[in-house]
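This report concerns the aromatic rings of one protein model.

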Amino acid sequence: MHVALLTAALLGLGSALPEEKAVLTEPPMVPPPITRTTPAKVKIELEVVEKVMQLADGVDYTFWTFGGTVPGRFIRIREGDTVEFWLENHPNNKLPHNIDLHAVTGPGGGAASTFTAPGHKSRFTFQALNAGLYVYHCATAPVGMHIANGMYGLIYVQPKKALPKVDHEYYVMQGDFYTDADFGTKGLQPFSMKRAIDERPSYVVFNGSAMSLVGDRALKAKVGETVRLFIGNGGPNLVSSFHVIGEIFDKVYTEGGTNAQQNVQTTLIPAGGSAIVEYKLDTDGTYILVDHSIFRTFNKGSLGMMKVEGPSNKQVYSGKEVDAVYLGDESVATSLQARPAVTSPSAGVTDGRQLFIANCAMCHQAEGQGVPGAFPPLAKSDYLKNIATNNRAELVSFPLRGRTGKITVNGLEYNGVMTPVAGLDDAQLASVLTYVSNAWGNSAKPFTAEEVKTLKASLPAVPAAATGKE
């Protein structure tokens, strides 16, 4: 088959093909499925743009991009198409670039023909011989640096017999980024070659930013709909363990190839590789996209969301049915005095910072920066400033009773659970609340033990917990 296609191209038969211009889309969107049943001559124009964008909240980075986004524009063609590919290097850029498309059969995947200086454009032509989902990336030296700065994307060579129709197709691509400073450090951050060589990323994110798929930017679908995710991993270094919390992949086209596995929980995606995953949404809720190398998700940014609206299916997932007292293997009648003493890490501590580190920093982080998409920041928090000024009793209730449900902080929505902090007396509560409400750019009136005692007494009674008994 490949020989026949190449022979046809050499004979000039490709010139008789109908011509069209490829539709390129920004992540997370995907061009519509190709409905034609015969090959075409497809023109692709892709511009390289070097630009500053956000890597995380308050963190800027100079990205090198295909089409002005990270990842680059999604390209969709059909198996058997002849592709006229133009690479354009914006005149304001500082560096030459090229492109290696893993879908291309030929030297460098096109890189040998597309080395392009700023203010120039290059062209080559290839034939889409193999169906599948392929990575493309810059291959200009130093190759790793160009990829690490965001120069990658996906090209889908749709098979002649297209995959079954689904309700939604989305484009998600993971990448690891290497900055001089640690995760969350504010301001414009430079690239660190040392960290890149040592494979110690400061950030591991989806679609170029720790904020790309959370809050209002979350992927959206409805109960009963089917979803197909085109997943890529630009690397340049790490392998992704892609997982959607609360879903099982009905099908996974491993490494973007032809054959599919069924009923998969987590799929490995190598650097420079891809996968196609499909699933049906059986009940409502927010489903979390993660790299299951899980510290990357909660400490380096590889967290996304899919918000699913529609009726709950209680047969599939009931939600919490019981919240009851549990005493382990101890009898309810066991004397409290007979139990072994448990020493709290906060016993005897009165310093607010020490109390915060011992009880709160695990989730909210040592500098109050929180975790994008998971735990809201305390540092420079508009929400904290408001309640520390206008509703101090509510602030007291958080460590005392915990909190569940949606919250909007600095324009971003969070929906999680804060567990109560056990064992703090009034003086300790006052100390830690004073610290939190006056650290990291916050400013509020200090709390006293007397005020905490009064505010605790003003809180409404806690409803009796369900016991699970009829």
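Phe242 is buried, at 0% relative accessibility, where buried means under 20% relative accessible area, exposed over 50% and partly exposed in between (1.4 Å probe, protein chains only). The model is predicted: local features need pLDDT of at least 70, side-chain atom pairs count only at pLDDT 80 or more, and totals for chains, interfaces and linings use all residues. Residues are numbered from 1 along each chain as its sequence is written, and side-chain values use heavy atoms, with hydrogens and water left out.

The structure holds 17 aromatic pairs; rings of Phe, Tyr and Trp (its six-membered ring) pair if their centres lie within 6.5 Å, and planes under 30 degrees apart count as stacked, over 60 as edge-to-face and the rest as tilted.

| Pair | Centre to centre | Angle between planes | Class |
|---|---|---|---|
| Phe124 and Phe126 | 5.8 Å | 25° | stacked |
| Phe206 and Phe242 | 6.1 Å | 75° | edge-to-face |

Phe206 belongs to strand E13 (residues 203-206) and Phe242 to strand E16 (residues 240-245), so their pair ties together parts 36 residues apart in sequence. Strands (E, at least two residues) are DSSP runs, numbered from the N terminus. Phe206 is buried, with a relative accessible area of 2%. Phe124 is buried at 10%, and Phe126 is buried at 6%.

Ring pairs also link Phe74, Tyr156, Tyr171 and Phe230 into a cluster.

Methods. Helices (H or I, at least four residues) and strands (E, at least two) are DSSP runs, numbered from the N terminus.
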